[in-house]
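Please consider the sequence and the three-dimensional structure shown below. The explanation that follows leads through selected residues and their surroundings.

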Amino acid sequence: MTSSSAAAEPTFAPERAPHPTLPIQVAGGAIVVLMVSLFSSKYLLDALITFEWPVVVYVALLGAIGYGPSLIWARYATNRWGSGRFFRDVGLQPELSDLGWGPVVWLAAIGTQIVVGAIVLGLGVPLENNTDGISELTDDRTYVISIIITAVIAAPFVEEIVFRGLVMRGLRSRLPVIPTIALQAVLFGVAHVDPVRGTGNIGLVLVLSGVGAAFGGGAYLLRRIGPTIVAHAIFNGAVLVLVLTNAQEWLQNNS
C-alpha cells in the first residue's frame, strides 16, 4: 500500500470517554447528608420562627443548614475516594458552551415536566407545588432578593453537585446507564418532599423525578454538570418569575 492510498483512508473520531465514576459510598453519603440537612433546616425553622427575626435571616439559615453540609461532604468524599481535584471529580469543569447547552437541557426538562405532569393529573394523583407561600411575601424586597439568590444560584449549584456529580457518578460505578439516571432522578424528586404537603408530595416527586431524569441525561451525555447547573438555574428562575409576578396563579385560574 502506497503512502498516498493510506492517506486516503477514512479516519474516525475517537470513542467518547466512559462516564466518570466514584465509589458507591460517595453517593450514599451524599443522599444521607442532603436529606438530613434539608429536613433539619425545616424543623429548625419551625423552632426558631417564634423569635420573629427578619425573613432574610430565616432564608439564610435554611440555605446554610440545608446546603452547607453537602458541600462539606462533597469536598471530603472527593479527597478520600476521588482524585482530590474537587471540580474534576464532580464534573464541574465549566466551558463557554455550557451557556448554549444549558438552555437545551432546560427545554428537555420542561418537556419532561409537561409530559409527566399531564400523566399525573390525568391519573388523578395528588399534586402540590413547592412554591406555596412565596408570593405572599413579595412586599419584602430583601426576602425576594434572598430567595432569588437561594433558588437561582445556591440550589442549582449544590443540588447538581450532589445529584449529577456525586450520586450519579457513585451509582454509575455499580449500575448500567438507564437505571443510574432513573434512580438519581427519583432521589432528586424525593429530596423535595415536604411533610406539610401530605399526599400532594406524590405528584410532586413524580414530576420532579422527570425533571431530574432530563438533567441526568444531559450530565451523562455531556460528561459534566456545568450545563445542568445552567439549566437548573433557568428552571428555578422561570418558576420564580411566574410566582413573584402572580402569573402562575393567573394561569391556574384561566386554565
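The paragraphs below treat the salt bridges and then one histidine. The model is predicted.

The structure holds 3 salt bridges. In one of them, the side chain of Arg 224 meets that of Glu 95, at 3.5 Å from N to O. This pair links distant parts of the chain, 129 residues apart: Arg 224 belongs to the loop between α8 (200-222) and α9 (226-244), and Glu 95 to the loop between α4 (86-90) and α5 (98-122). Arg 224 also meets Asp 98 in a salt bridge, at 2.9 Å from N to O. Because Arg 224 lies in the loop between α8 and α9 while Asp 98 lies in helix α5, this pair ties together parts that are 126 residues apart in sequence.

Another salt bridge joins Arg 164 and Glu 160, whose closest N and O atoms are 2.6 Å apart. Both residues lie in helix α6 (residues 141-172), 4 residues apart, which is about one turn of the helix. Arg 164 has a relative accessibility of 1% and counts as buried; Glu 160, at 0%, counts as buried.

His 19 is found in the loop between α1 (3-8) and α2 (24-48). Is His 19 buried or exposed? His 19 has a relative accessible area of 8%, so this residue is buried. Leaving aside residues up to four places away in sequence, His 19 touches Met 168, Arg 169, Arg 172, Ala 219, Tyr 220 and Arg 223.

Notes. Residues numbered from 1 in each chain as written. Predicted model: local features only at pLDDT ≥ 70, side-chain atom pairs only at ≥ 80, totals over all residues. Heavy atoms only, no water. Helix = DSSP H or I, 4+ residues; strand = E, 2+ residues; numbered from the N terminus. Buried < 20%, exposed > 50% of the residue type's maximum accessible area, 1.4 Å probe, protein only. Contact = heavy atoms within 4.5 Å. Salt bridge = Lys/Arg side-chain N within 4 Å of Asp/Glu carboxyl O.
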